[in-house]
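The sequence and structure come first.

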Amino acid sequence: MDEEYDVIVLGTGLKECILSGLLSVDGLKVLHMDRNDYYGGESTSLNLNQLWKRFRGDDKPPAQLGASRDYNIDMNPKFIMANGNLVRVLIHTDVTKYLSFKAVDGSHVFNKGKVHKVPSNDMEALKSPLMGLFEKRRARKFFIYVQNYRESVPKTHEGMDLTRVTTRELIAKYGLDDNTVDFIGHALALHRDDHYLSEPALDTVKRMKLYAESLARFQGGSPYIYPLYGLGELPQAFARLSAVYGGTYMLNKPECKVEFDADGKVVGVTSEGETAKCKKLVCDPSYLPGKVRKVGKVARAIAIMSHPIPNTDNSHSVQIILPQKQLGRKSDMYLFCCSYTHNVAPKGKFIAFVSSEAETDQPAIELKPGIDLLGPVDEIFFDIYDRYEPVNEPTLDNCFISMSYDATTHFESTVDDVLNMYTLITGKVIDLSVDLSAASAAEE
């Protein structure tokens, strides 16, 4: 181990594994270590026995749930936007050859006490029970504006500079009511709270376009895809990529003490009496607790069920977003469901997650609006974990720390963190203008 590396990566969470892969492809000499004996860190995937051990100690799972090995329960489940940046990173790095994806059946939103399919274009807006007749017409006009909008073609802007006009001002032009704004902002543009209304509208329009383009890609019921056997496959696929380009992997390395010089710059990592030197360090917050601060908590419920979520058109995989305003909360609640059709559970079994930014210390009570949508459950587990973000200055210490996973059940914010970190580490912006059709073979 006593060698020098360009970068040492600590932790095999998805963010760390993507960065390790990208940096290896760039020709950097990378050493990747983890204190655990498994891949995935906080985003690992558990079988049934591991899930029981984590939440129920020495109890054994009931036999009627089926074989432990047939379960792949992701601890941070997130759907992947079919045209989003994670797919672009997968294609850019050719990691698609290690993975198989399947489209997700449904994308729904909670509105006025009911679950509705999310309308994503002008035609769906006209059919949606979310809006009355006149509101449908107004929404259709807004959707057409968004569909036609091209940043580089001024005549599609209709006289508005979306880098200056706020989302609230843009929406006011079309006279949309609060109810419509709620599902557009949270279920289509995937904003996590309502701050976006006072920010420039360009970001929201781009997010809406991404949703519609992703939906069109598979002609399915949602814009999302998910790997067969769950997300646990992703960190390992990027680990393989890193190894192909000369990266070195070491699991089950205890302690992993980060070493600094007199100026506070990172110089290496010591484990089991050996020190590997490095110029830069990438890690998750747990490896450098003195350089991060707690910014919140995530509350979640994990349920095993024998049926799809009611009112989702019998979807075997689905996301439901419960916007904050509908629940009188400060942030949204997310419902994720996947099943045996994605090989994450035995035949006839469904795995559901309800998650949100915790506003209390009682997840069972706080998550009730989401849990109530599930119908009968075979088993349910509750969990709460702290969320951290870095407070260090990477230009001074050469340490690049990822942010903890948020409560969302989609990947867009996760990938943004990875791409920002890549630019900080290398000084380059990764070119993601890739040929998206290159992934189609794996996704059929």
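## Terms and basis

Contact means heavy atoms within 4.5 Å. Residues are numbered from 1 along each chain as its sequence is written. The model is predicted, so that local features need pLDDT of at least 70 and side-chain atom pairs count only at pLDDT 80 or more, while totals for chains, interfaces and linings use all residues; side-chain values use heavy atoms, with hydrogens and water left out.

Helices (H or I, at least four residues) and strands (E, at least two) are DSSP runs, numbered from the N terminus. Buried means under 20% relative accessible area, exposed over 50%, and partly exposed in between (1.4 Å probe, protein chains only).

## Ser 404

Ser 404 is in the loop between β19 (399-401) and α14 (412-426). Its relative accessibility is 14%, so Ser 404 counts as buried. Apart from neighbours within four places in sequence, Ser 404 has contacts with Lys 15, Pro 285, Asp 386, Arg 387 and Tyr 388. Between Ser 404 and Trp 52 there are 24 Å from C-alpha to C-alpha, and the two are 352 residues apart in sequence.

## Helices α1 and α9

Axes are lines fitted to C-alpha atoms, for helices over the stretch in contact, and angles run from 0 to 180 degrees between N-to-C directions. Angles under 35 degrees count as roughly parallel, over 145 as roughly antiparallel, 65 to 115 as roughly perpendicular and the rest as oblique. The axes of helix α1 (residues 14-25) and helix α9 (residues 233-244) are 8 Å apart, and the helices pack at about 20°. That angle makes α1 roughly parallel to α9.

The crossing of α1 past α9 is left-handed, meaning that the near helix is turned anticlockwise from the far one by less than a right angle (right-handed if clockwise). On the α1 side the contact consists of Leu 14, Cys 17, Ile 18, Ser 20, Gly 21, Ser 24 and Val 25, and on the α9 side of Leu 234, Pro 235, Phe 238, Leu 241 and Ser 242. By class, this contact of α1 with α9 has eight nonpolar, four polar and no charged residues. Here Ala, Val, Leu, Ile, Met, Phe, Trp, Tyr, Cys and Pro count as nonpolar, Asp, Glu, Lys and Arg as charged, and the others, Gly among them, as polar.

## Helices α7 and α8

Helix α7 (residues 178-188) and helix α8 (residues 201-218) cross at roughly 70°, and their axes come within 9 Å. The two are therefore roughly perpendicular to each other. α7 passes α8 with a left-handed crossing. Ile 184, Ala 187 and Leu 188 of α7 meet Arg 207, Met 208 and Tyr 211 of α8. This contact of α7 with α8 has five nonpolar residues, no polar ones and one charged residue.

Six of the eight residues of helix α3 (residues 85-92) are buried, and the helix is mostly covered. The buried ones are Leu 86, Val 87, Arg 88, Val 89, Leu 90 and Ile 91. Just after α3, Asp 94 has a positive phi of about 65°.

α3 packs with α14 at an angle of about 50°, the axes being 8 Å apart. The pair is therefore oblique. Asn 85, Leu 86 and Val 89 in α3 meet Glu 412, Val 415, Asp 416 and Leu 419 in α14. By class, this contact has four nonpolar, one polar and two charged residues.

## Aromatic pairs

Rings of Phe, Tyr and Trp (its six-membered ring) pair if their centres lie within 6.5 Å; planes under 30 degrees apart count as stacked, over 60 as edge-to-face and the rest as tilted. The whole structure has 13 aromatic pairs. In one of them, the ring centres of Phe 79 and Tyr 226 are 5.3 Å apart and the planes are at 80°, so the pair is edge-to-face. The pair links distant parts of the chain, 147 residues apart: Phe 79 is in the loop between β4 (73-74) and β5 (80-81), and Tyr 226 is in strand β9 (residues 224-227).

Phe 79 and Tyr 226 are both buried, with a relative accessible area of 1% for Tyr 226. One aromatic cluster is formed by Phe 79, Tyr 211, Tyr 224, Tyr 226, Phe 336 and Phe 353.

## Positive phi in loops

Most residues other than glycine have a negative phi. Cys 256, not a glycine, has a positive phi of about 45°. Cys 256 lies in the loop between β10 (248-250) and β11 (257-260), and at 3% relative accessibility it counts as buried.

Asn 311 also has a positive phi, near 65°. Its place is the loop between β14 (292-305) and β15 (318-322). With 61% relative accessibility, Asn 311 counts as exposed.
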